[in-house]
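Please keep the sequence and the model in view while reading.

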Amino acid sequence: MQTDMKTPLLPSSDPDPSEPSGPGAPVISIMGSGDFSRSLSTRLVACGFRVVVGSREPRRVARGLFPAGVELLTQREAAERAEKVVFTAVYPEHYHTLVGLRGPLEGKVLVDVSNATGLNRGGQANAERLAELFPQSRVVKGFNTVSAWALQAGAHDGSRQVLICSDCSDSRSTVLQLARRLGFSPVDLGGLCASRDIEEAPLILFPSWGGPILTTFLLFLFFYGYLFLRNILLPYLDEGTNNFYELPLVTVNQTLPAVSLVTLALVYLPGLLAAVFQLGRGTKYKRFPDWLDRWLCRRKELGLMSFLCAVLHAVYSMCLTLRRAAGYNLLNAAYRQVRAGVENSWSEQMVWRSDLYLSCGILGFGVLTLLAITSLPSVGNALNWREFTFVQSGLGYAALTLSIMHALFFGWDFAFFPGAYPYYLPPVYLLALILPCIVLLGRTFLALPCLMFRLTKIRRGWESPRHRPPINQEPPEEDPPLHPGDV
Amino acid sequence: MQTDMKTPLLPSSDPDPSEPSGPGAPVISIMGSGDFSRSLSTRLVACGFRVVVGSREPRRVARGLFPAGVELLTQREAAERAEKVVFTAVYPEHYHTLVGLRGPLEGKVLVDVSNATGLNRGGQANAERLAELFPQSRVVKGFNTVSAWALQAGAHDGSRQVLICSDCSDSRSTVLQLARRLGFSPVDLGGLCASRDIEEAPLILFPSWGGPILTTFLLFLFFYGYLFLRNILLPYLDEGTNNFYELPLVTVNQTLPAVSLVTLALVYLPGLLAAVFQLGRGTKYKRFPDWLDRWLCRRKELGLMSFLCAVLHAVYSMCLTLRRAAGYNLLNAAYRQVRAGVENSWSEQMVWRSDLYLSCGILGFGVLTLLAITSLPSVGNALNWREFTFVQSGLGYAALTLSIMHALFFGWDFAFFPGAYPYYLPPVYLLALILPCIVLLGRTFLALPCLMFRLTKIRRGWESPRHRPPINQEPPEEDPPLHPGDV
Amino acid sequence: MQTDMKTPLLPSSDPDPSEPSGPGAPVISIMGSGDFSRSLSTRLVACGFRVVVGSREPRRVARGLFPAGVELLTQREAAERAEKVVFTAVYPEHYHTLVGLRGPLEGKVLVDVSNATGLNRGGQANAERLAELFPQSRVVKGFNTVSAWALQAGAHDGSRQVLICSDCSDSRSTVLQLARRLGFSPVDLGGLCASRDIEEAPLILFPSWGGPILTTFLLFLFFYGYLFLRNILLPYLDEGTNNFYELPLVTVNQTLPAVSLVTLALVYLPGLLAAVFQLGRGTKYKRFPDWLDRWLCRRKELGLMSFLCAVLHAVYSMCLTLRRAAGYNLLNAAYRQVRAGVENSWSEQMVWRSDLYLSCGILGFGVLTLLAITSLPSVGNALNWREFTFVQSGLGYAALTLSIMHALFFGWDFAFFPGAYPYYLPPVYLLALILPCIVLLGRTFLALPCLMFRLTKIRRGWESPRHRPPINQEPPEEDPPLHPGDV
């Protein structure tokens, strides 16, 4: 095949024809001459297509905004020139103005690139309306998730995903291919009924973060409220002590570690529950309940929220001695010490306590930071799954253990004095320790050899006999663990 | 097409022939046997080309440094064997030694991969000189921006951009295709006159950082000088007070937040100016003045410089109590308090002030950190444009607001006492607040419904009537916002 | 070529046929129906192949776990249907159960995707055993390094490397192509004897980190032990002073900066040694000794370990004033000052010392942070080699210099008093300064014009006459520096 073609160095079947506007390249039309049209045409030309842009008033469009090789024509001319694919880069509210082009667009693939104007508006998707207006054309939804910027700059390091759907599978394939040719990773979402979702995709704000942020926020509210009640409001009502100055900083800094600790426990709880489910059911081939599935998928976000709280707690703590209040307290203590004539106020026990809880806190925070760094896409991608498991599970439990020790050393033996329970309310670090301790004990329990062995078997594909028809005598099959479903 | 070919699993038109040195693969020659030649030949062989390396003394070249399949021949033999493309991986100062090969190189594509020896040296580019020496060959500039390392390791996660230019469009296409085949993202820069720029590209150090770093540095100089004058030099000359010990740490820590705040304001000012330009002109299709365009393109770098100053300010502040001076001051204050017999020096107002400004500072710093994290390429790429806008604009203004509050709480009501104006010089935080407050007010002003509405219309492509010919009755066209030009 | 084909928009030679299960696509079989099989079939279908999964009991397999278009058949049927390639996604311990399929698998390519069950177990690799069991088939090892997750999600931003080996070069090529077609970066490791390494690859934990972590750990042990001896054990034995409370925090915080400083010196020492080797030998074309090569390859990891210690030192230091011990010391000092009647305990020298060493420390830490950020893959990839060199070499030596100054200012003139040498043991910062100072002096020495000039010549490819045969009159060749080997 390559021997009889002398001139071209590379086989002529190469997807990138040498002359962008060469006579052989397919013609693609774009209706509309806005930003998206400009960026799309730039990319199409760069990838070797001939591009015709159809404008209402081709003469009024600044020619210089389009790359060389793009033809600016009227919309009718552009529709006629298109070989197969026509992009409709026109606002959806003006689709009806294209109706006159039904003839030239007949049988062609119309790619709707519009976004939804709002979330959950219901009603017809733009692409569905376009399909109604052009029953003789084949409408494909797609490319709206790509920013004009990614189109122009090339997507080699950006988000390359292009969601595509259409009722005509031929046309869908054509657009899937086209997307690949332009350097994107197309995802086929099936029929045009998916277009509503595709149109709303660029409007959804951090979809996977909603639950974790809400959880963290509610935990914050609970602990902050509890501390406000226990340390500020009740003492004020009861004894008239004015501790309100603690609200902006001190109380926040007592709330943050509690939230961080509980959230960290929430990262590892679903994994334990999944293991319990698998052990109880004796198989891994039954789906988890939906809530557990969703929870398992949000562990990374929960972990980052826990890290965020830990960072803020660290910074707040390191700023504690900068506070005027800390200065006043020290001066007053010095005054009292001098007045009392105490030469040395050193308390060995308190010194050990403070050094130990600071050490555990710093080390736990350090481990948590390593975890957070590996959740950066570019770092995480460089790990193999064993390294990933080591970091997420091994280091994760190390961070949890160190954090629990941080809280325990902080608490010291104070929890055993009645003075720690004013108004019968336990100190907040005790509340915050409940869930983490349960998780840690649960994990230790699952590490018992008998349970561990059975779990490993199940995870490799073994099924308890009650799930197997009796004839099954054949061996289980290979199951390297899935990255994210890994417990 | 695939039915009549039984043996190969994959269609034979596949760009990667199964046998790297198979008889059908095109032969590419490389003149020179240095590091670059070795790396390039490794990559070419891996991508299915046959490679011939031409050396002055083929027998002296360590064969083991080249991948299997590469032929080491004399330069003349290599020139003759090349089917179409010859890389000249020889130092430019020795191009004249190749002149004897004019015959065998005639009609072939010479790819010049050399770098410039310095910036702004003027004179002829290496590629231009090569073109003069080989008038019968077709010289293409390219591949110099790629490191030998990226060549060898494969560029799948590295900087894949390859800048290419040539006066012969056919040869340019050939090399563009070749670059794509090797896994790079070639960029066509047109005629050979661009080769000077291409040759200098690898020498330019952080091109987009010059302006922002200079701006930050000048701001630093100004504020540092001002503080030196106001707090150290004038008190020394006037009263003989020796505050020089403040120079290495305290003064720097007063300068940094001022620089950070003003730089952060400079990130959001150009967006406001752009909006004002668009509102005033009634169209978005007129280009901004050059200075504004450049400024808009440097916002990310300015933001990171602001973040750098904020980080340093945070670290410096948290080290304040570690200083000997802080210890001495506290001891002396304790001495005075005991001597004066003041049992409790607590000042409720000062406590609130310090806790509030620390809180605002920490939160503003936290938000700024989130912003900085999303400017990491791998994180930013995972955001859709709505998330990007939310982070950059929403969180950005939140950080600016919190920083302004940090400064205002720090200032408290001290600005209203004459003592704050020694030598009639206002405190530095007042100076640093001017620009940020203007930006925040400007942003609030632009959020007025009437202006917002008009601006949104303009950004969607609407144009004020004075820009439109009267016949224009047709609808505006689709304009999804461009990522970076977004305000 | 494109003119006579009207219907398809894109040339039919496109690697992605429009219909995934179209009649023309090649059929690939997968033995086994576990997680890996599911993920692989998803990817194969997405890339346009027809997939047949062979299960022991096809009826028991949950159809919904496989993508549409996959046929679930018996293992025999699947083996027969395969056109050329058969994946064996079955646990290696059950390979013998496939022996009955020798007939239908004859002449086909068997891809072994299994992992090793442990490291350094010796014995036969799984793939070698498979090859023994199927002498008439052609066994290829590969795809085991890819996680099921990367297979399913598409590897566009993940680790795309696929290691492949086989004794049959034809089959190897087929699988190499297939891997590329699926979006991976295949690496050809030659014959089947490499399969043991490939099978163990996913089990190896951070292979490049072992040495640096061990080095850092040993340095930590040494300095911690030295400090324990000098500051705690000997004073206790000698005078009965109880300093044991310093163990968890204070001693750690004295150890960390010493480890960080020495490790940072170890980052730059091998570069100096390499330069000395090159100068001494007069050529860069002789290989360095193995230990130096390995050391040069571990500089990034050493640098990050140094950074980790620096971060911990910074956090520990900023927590110093939070300690109870710090509070007690201050109170006792206040008591003494009041008792002694000293109105002002200010010591100008101590104030300058503490401010200077804090400043140098903060700045050095800041520079080290910039270095660490550029070692993030996504940031480092965006740098050209000149920027990379500037950051790694320029900023690196700046960080080293600032760290040395930090230690020198911290030491002040205390090293010159006999009291600094209790039990004749020098203070730890003196020990920690030895290697960094040697490195810095060595670097300065190499920057002498005469040495610099010769070194630059050698790095550009020049060789000292004793390495050249006398006939060599020809010019040196182009050698752009290699990124990582750069000094």
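Helices (H or I, at least four residues) and strands (E, at least two) are DSSP runs, numbered from the N terminus. By that scheme, C:A325 lies in helix α12 of chain C, which covers residues 324–340. The model is a predicted one, in which local features need pLDDT of at least 70 and side-chain atom pairs count only at pLDDT 80 or more, while totals for chains, interfaces and linings use all residues. Residues are numbered from 1 along each chain as its sequence is written, chains are lettered from A and ligands numbered from 1 in the order in which they are written, and side-chain values use heavy atoms, with hydrogens and water left out.

Chain A gives an overview. Its secondary structure consists of 17 helices and eight strands. Of its 487 residues, 54% are buried, where buried means under 20% relative accessible area, exposed over 50%, and partly exposed in between (1.4 Å probe, protein chains only). Contact means heavy atoms within 4.5 Å. Among the contacts in chain A between residues at least 6 apart in sequence, 72% join residues at least 24 apart.

Back to C:A325 in helix α12 of chain C. This residue counts as buried because its relative accessibility is 0%. Not counting residues up to four places away in sequence, C:A325 touches C:Y245 in its own chain, and A:W346 and A:V351 in chain A. The C-alpha atoms of C:A325 and C:E246 are 9.6 Å apart, although 79 residues separate the two along the chain.

In chain B, helix α12 also covers residues 324–340, and B:Q337 is found there. B:Q337 has 6% relative accessibility and is therefore buried. Its side chain makes a polar contact of 2.9 Å with the side chain of A:N332. A polar contact is a pair of N or O atoms within 3.5 Å; within protein, one must be able to donate a hydrogen and the other to accept it, and residues adjacent in sequence count only if both atoms are side-chain atoms. Leaving aside neighbours within four places in sequence, B:Q337 is in contact with residues of chain A, including A:L331 and A:Y335, and of chain B, including B:V342 and B:S345.

Next comes the nonpolar core, a set of buried Ala, Val, Leu, Ile, Met, Phe, Trp, Tyr and Cys residues joined through side-chain atoms within 4.5 Å. The largest has 169 residues, and those touching the most other members are A:F223, A:V439, B:F223, B:V439, C:F223 and C:V439. Beyond four places in sequence, the contacts of C:V439 are C:A265, C:Y268, C:L269, C:L272, C:Y397 and C:L400.
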